[in-house]
Amino acid sequence: MTPILCAYLLGMLLFTFRKSHVAHLASLQMAWYLFAVIPFVHVLFTLIHAAAFTSRQSDLPENLALVEIWKEGFVWLFFGISLLCFISSLFSQPRSAAATIHPSCPPEGDQ
């Protein structure tokens, strides 16, 4: 997982510094926000892991395995949503005011 996250980080940094290749900056910003949540998920589940390890039922390997499963699940969830926002920022067309006007409407100056 770590090599994937490192490669993704480098890709996001590349397109952050070359904003001319990005079609939708708000989606890129959302991708950064979601990517920034991943370290907090690691810290939170490390604390939960430590609490489960020091509890009275620490001899149950299911407790520790469940913490790892949930941690990986949340990391993949935030990574996947961030990746979707990042791809959307590269390939979506920015909406302009002219694109929302129906072509059959006359221009404002012709009235």
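Trainee: How are H1 and H2 oriented to each other, roughly parallel or antiparallel?
Mentor: Roughly antiparallel. This is a predicted model, by the way. The axes of H1 (residues 2–17) and H2 (residues 25–53) cross at roughly 150°.

Trainee: Which residues in H1 and H2 meet?
Mentor: From H1, Leu5, Tyr8, Leu9, Met12, Leu13, Phe15 and Thr16. From H2, Leu28, Ala31, Trp32, Phe35 and Ile38. By class, that contact has eleven nonpolar residues, one polar and no charged.

Trainee: Switching to H2 and H3. What angle do they pack at?
Mentor: About 175°, and their axes are 8 Å apart. That makes H2 roughly antiparallel to H3.

Trainee: How many charged residues are in the contact of H2 with H3?
Mentor: Two. The contact also has 22 nonpolar and six polar residues.

Trainee: Now H3 by itself. How far apart are its end C-alpha atoms?
Mentor: They are 45 Å apart. H3 covers residues 61–91, which is 31 residues. At 1.5 Å a residue, H3 should span 45 Å, so the two agree.

Trainee: Which residues in H3 are buried?
Mentor: Leu64, Val67, Lys71, Val75, Phe78, Phe79, Ser82, Cys85, Phe86, Ser89 and Leu90. Note that Lys71 is on that list.

Trainee: What do the buried residues of H3 pack against?
Mentor: Against H1 and H2.

Key: Residues are numbered from 1 along each chain as its sequence is written. This is a predicted model: local features need pLDDT of at least 70, side-chain atom pairs count only at pLDDT 80 or more; totals for chains, interfaces and linings use all residues. Side-chain values use heavy atoms; hydrogens and water are left out. Axes are lines fitted to C-alpha atoms, for helices over the stretch in contact, and angles run from 0 to 180 degrees between N-to-C directions. Helices (H or I, at least four residues) and strands (E, at least two) are DSSP runs, numbered from the N terminus. Angles under 35 degrees count as roughly parallel, over 145 as roughly antiparallel, 65 to 115 as roughly perpendicular and the rest as oblique. Contact means heavy atoms within 4.5 Å. Ala, Val, Leu, Ile, Met, Phe, Trp, Tyr, Cys and Pro count as nonpolar, Asp, Glu, Lys and Arg as charged, and the others, Gly among them, as polar. The expected span of a helix is 1.5 Å times one less than its number of residues. Buried means under 20% relative accessible area, exposed over 50%, partly exposed in between (1.4 Å probe, protein chains only).
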